[in-house]
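Let's take a friendly walk through a protein model together. Have a look at the sequence and the structure first, and then we will go through a few of the details.

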Amino acid sequence: MSHPIYLTKSDLKTARSCTTKLYYKKLGYPTIDRVDAYTRILADGNFIISKIAHLLYPEGIYISANLNSDESIANAAQETIAYLQQENVTLFEPVLYASHKLARADILVKQGDRIEIIEIRSKGFDSNAHENLVKYRNLSLFRNKRTGHVGGEWRYIIEDVAYQVGILQEMLAEHLPDRIVEIAPYLLVTDRAKTTAIDHLASYFQIQRLSTHRNSFSKFNGIKVDFTGDIQELEKDQFLTKVSIETEVTELIEPTITSAQKYLGYLLERSSEIFAPISKSCKGCEYRASDRDPRDGFRECWGDLADVENHVLELYQMGRIGGHETPLVNEMIRQKKVSMFDVPLEELNDYTYSYRQLIQIEYTQKNKEWISEHLPQIVQQVQYPIHFIDFETSRMAIPYRAGMRPYEQVAFQWSCHTIVEPEADPIQTEWLDLENTFPNFQFAESLMECLGDRGTILTWATHENSVLRDIYYQMQAYDYHNPQLQTWLANTAKLGNKGKSHLVDMNALTLKHYFHPLMKGRTSLKCVLPAVWKTNPYLHKIPYFQEYYREVDGEILSPYDVLPQLQIGDRIQVVNEGAGAMLAYQDLMYGENRDQGIDNQAVRSQWKELLYQYCRLDTMAMVIIWKHWQNLCANP
């Protein structure tokens, strides 16, 4: 490997999941989930949370660094050490480097012989729940409630900090051997238990995409964030919480550094031990070939086994076969038997999943669709009008308005296709709000007006129920008075553990009553629609479906791949999945395209059209599948 050998925090996380991935990562193999920094920062809220954190430490000094050479890393680490010789100093993104172990702390505050390492995270944290666990159960949100050890969804974050602390300890021992320095690790997190008093807080942050500097190794890589509000007001208003993780980090330092040394040994010695055995965990491997780079990590690991048709990795809940501790799939892989048809049927004995697995194996072998004996009755009993609905929503790390908490649900768009009676054409209705930062009540009122209280409401999965439930409780929390809406929400959505949702979940119906071999082990709308669409030509002739038909080189495209693209600025843009819709919304509300002036109206109109056509297809996709089910049930 020609570039410097070092192990970063993200390298360590990669290696913990699979050491072979570390090898591919260091060689720059392509991944299928790589997104640019601007998109990622918009998505997870770090762009604002990090900026707020920096504003809280106005004396902070930023350490610039570039990972292009050993010399650059050494210089940045030396600069960090030089600043740490001062009695008091605050550093942003200081470089911690020792024995090929490399990390950048978010904020480092030195006061005398005490150094605070502060990790900024936009991940939601509930200080009330945390304090109650500490006070009454001698636990914390960072610990497993059964074992008491550091675990759960916070563990990898605390491992990150433990890695930083371990490196800093080594640096101080080498460069400041005569001083005893206390290192106190903290998280600075978004607190769901707190509210803001600042209205429209996000509007005070301006984000600008700059030219990308791939080697700058910064949280703000290629992004410029400005704050135009009152800094003193922001300091008083804090909805962030600084929480000590000293005991948790102490518990994890030794195993974390030990693991890091092992992985570094693999890299430095070019050891074959870096190559982990293939297993069921490879199913989610992101190291796949791209249009620009043909190197395929998954294929290199699996060899000819990667090309086996009807692969066992495609079997529904394949990891559950043979028990949780020693999955049978891993033994099959070891024996190079990786077809789902190699699965011993007697091992499919998990009551929850085995029926679906048996259906998938049988009807994949037959290459035929399957419907349950109950689906015809279910389809026949659905009452008209039938409403197919889909929502687009967003959650931001900062509160939308004064009095609100972080990560509250915001519903900004819905689409509905309604079939009034049998054989009637679907009628489409839609709603989108890009003006108000919290449009939920208007969203629900317009939806209620569209749906009324007659007929059947169909969704795909449970997201729509969750959104309506959230809006019901938001009405109470923010004293929004509309008795009719409150009653309608209570009668439509399942609000708690008890009660019943009056929304019919087509994803659940698919799981119980429908299978197509092209779906493989998945039941998402993006998998079911192409399977139905590509193999049933009669659907292409139905007039209101025809706009989604396109064939390229003899292959019928998924309707999601037919959605029109638009030239916006210097890029070709398309919205064809939910995350893209959320990012487009956040950009229009808070990003580069939020300006609603005359000069930006054309760009905003283009983005609106992309949002409309995507949400519109989601509900039309459900209509296509429903029409096909009706046809199957009428002609079994």
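Cys285 is buried, with a relative accessible area of 9%, while Cys301 is partly exposed at 30% (buried means under 20%, exposed over 50%, partly exposed in between, using a 1.4 Å probe and protein chains only).

Before we go on, a word on how to read this. The model is predicted, so local features need pLDDT of at least 70 and side-chain atom pairs count only at pLDDT 80 or more, while totals for chains, interfaces and linings use all residues. Residues are numbered from 1 along each chain as its sequence is written, and side-chain values use heavy atoms, leaving out hydrogens and water.

How confident is the predictor? The protein averages a pLDDT of 90, and 93% of the residues score at least 70 (pLDDT is the predictor's confidence in each residue, from 0 to 100). Over residues 212-216 the pLDDT is below 50.

Finally, find Met506, Leu509 and Thr510 in H17, which meet Met622, Ile625, Trp626 and Trp629 in H21 (contact means heavy atoms within 4.5 Å; helices are DSSP runs of H or I, at least four residues, numbered from the N terminus).

Notes. Helices (H or I, at least four residues) and strands (E, at least two) are DSSP runs, numbered from the N terminus.
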